Amino acid sequence: MTRYVLRRLLHGVPIVLGVSVITFLLFYVFGGDPVLQFLGRHATPDQIAALEREYGLDAPLYIQYLAYLKEIATLDFGLSFVTREPVADVLWRGVGPSLSLTVPALFATTILSVSVALIAAHFRGRPLDRSLMVLAVAGMSVSFLVYIVVGQYLLAFEWPLFHIHGYRPGLVERWPYLSLPILILIVVGMGYDTRFYRSAIAEEVDKDYVTTAYAKGLGTPRVLFVHVLKNAMVPIVTRVMISVPFLVTGSLLLESFFGIPGLGGTLLDALDTADFPVIKAYTILVSVLFVVTNVLTDVFYAWVDPRIRLS
Amino acid sequence: MIARAVTDRLRRDRGALVGLAIIAVYAAVALLVTSGLVATDVDARVGEGFLEPGPGHWLGTDRQGRDILGRVLYATKIAFSVGLVTATFSVTLGTALGAIAGYFGGKVDAAIVWLYSTVQSIPSILLLIAIAYIAGRGLFGVYLAFSATFWVAPCRVVRGEAVKVREAQYVEAARALGYGPFRILLWHVVPNTLHLSLVSFALAFVGAIKSEVILSYLGLGVQGEPSWGTMINQSRGELINGFFWQIGAASVAMFVLVLAFNVFADALQDALDPRAT
């Protein structure tokens, strides 16, 4: 198993390298001179030269790329152009608020949509199932921005149930500000998730073990929420694991709309101010997360189904 | 005939027919706008700003006193051009790469899988912003950004199917007849993965329309012309003043088209599913 994990992790190295090449090319070669973008058009030659020297931008391109690789290997991305703090600090600040927004939303969305999907799959083809699926598709067809704008207007302005905007860093004080964005995130995710889980679960409910369970005299809730759920765990866990990188990246739209200082907002600010050290570190962080969650998902498969390990 | 069976099955699906009819109506509007018959002067002032619906401005007017109905209709054209261009490019590219990867296997496959895994590991919003930024604000940047990111999904599914098709007897027969790999790809592999490409096309279309709203929010969307995204984005602050005609009109217009596409894509998937035969 350890060898399997190591081999899979090794496969991730070319992907992270590929990501580094693409970001490097996109922002350095095609995107214009980062220093000019950051200092603006009215920079004096001295200022430009000073900043270029400080960040090693006067070196040939391949040297700069090698320097970038070294940054990736050591996970030390230097100082932000804008705040002059270590990049790690800038990113670390955003992680907490982003996770506080996305983790509860993922938990609630998964529990709710799996439950709805179990019920829909049980009544598959019948009116209840059909109405639930129509509702899910309709929910998927509404723009994310419309959910946010209308949600904020109705639930924080028209009926002031929630805070309309803002954030407080305290471990307790943050929740009143986060509850509406979390609610919106749940509503947005429910449509997609319910549909996905329903089709995964619908394949289970016709199987023999379900008939056996009913024949033993078990009630429907027990059959659905114990027997069927256990057998549908593979697609459920896979889907939850795939969303892990997105937990850390937060939600750019929700964060900027509600003024939550998460990583989505950090990225937006970095793009606005051409803060390249932050953009580079962010991209690598996300791609590493992608690779690691992919490996973890494969390991999970191999653990559930030992036949996979051998191939 | 497979095509016959599929159309028969689609014809029996009432949801699919309604979805298709709605898409046709939107396409007709887009064509009318393109040919200059409808919504000709979307920037003209037709009255005061923020008017409620009335004669001459049946869905009210926006801040600058422009007719919201005309702008919503015009935006249909933008939605179709973004959807069609993006879906055509991304699905063609994805299908080609996916079929090549799946059919040839080996190093070619590894290279293509590496390419899409890499693109997939970059946060899509970052890729979209970077490309839209480099290509310049406006429609061209939107096309390019979406095409460069949306090809991954069709590529993955087509590759998966091509791996199976490669082993099929008809492909083996074609090889035995001495056909070259490109003839086999074009005439035997691609047609047999086409059902997946078709569904991907509908999904890419929907994805493009929905993502356009996000790019507009970031100021990188369509410039100088009304799109549903720019309209929704403009009217963010209007709700608080009790004016919801603009956001309502743009959101509903978009919702109905996206819903129609989603329903149609579902029906298509069911009708094309070989397991159902």
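**A cavity and a helix pair in chain B**

The count of cavities of 30 Å³ or more comes to one. Keep in mind that this is a predicted model. The space in that largest cavity is about 60 Å³.

Which residues line the largest cavity? In chain B they are Ala75(B), Ile78(B), Ala79(B), Val82(B), Ile209(B), Glu212(B), Ser227(B), Trp228(B) and Met254(B). The largest share comes from α3(B), with four residues. By class, the lining of the largest cavity has seven nonpolar residues, one polar and one charged.

Now to α3(B) and one of its packing contacts. Two packed helices are described by the angle between their axes and the distance between the axes. For α3(B) and α11(B), the helix of residues 245-272, the angle is about 35 degrees and the axes are 10 Å apart. Is the crossing of α3(B) and α11(B) left-handed or right-handed? The crossing is right-handed.

On the α3(B) side, the contact is made by Ile68(B), Val72(B) and Phe80(B). On the α11(B) side, the contact residues are Trp245(B), Gln246(B), Ala249(B), Ala250(B), Ala253(B) and Leu257(B). Sorted by class, the contact of α3(B) with α11(B) has eight nonpolar residues, one polar and no charged ones.

To recap, α3(B) gives four residues to the lining of the largest cavity, and α3(B) also packs with α11(B) at about 35 degrees.

Notes: Residues numbered from 1 in each chain as written. Chains lettered and ligands numbered in written order. Predicted model: local features only at pLDDT ≥ 70, side-chain atom pairs only at ≥ 80, totals over all residues. Heavy atoms only, no water. 1 Å grid on protein atoms, 1.4 Å probe; cavity = no way out; pocket = protein on both sides within 12 Å on 5 of 7 lines; lining within 4 Å. Points joined across faces, edges and corners; volume = space filled by probe spheres on them. Helix = DSSP H or I, 4+ residues; strand = E, 2+ residues; numbered from the N terminus. Nonpolar A, V, L, I, M, F, W, Y, C, P; charged D, E, K, R; others polar. Axes fitted to C-alpha atoms, helices over the stretch in contact; angles between N-to-C directions. Left-handed = near helix turned anticlockwise from the far one by under 90°. Contact = heavy atoms within 4.5 Å.
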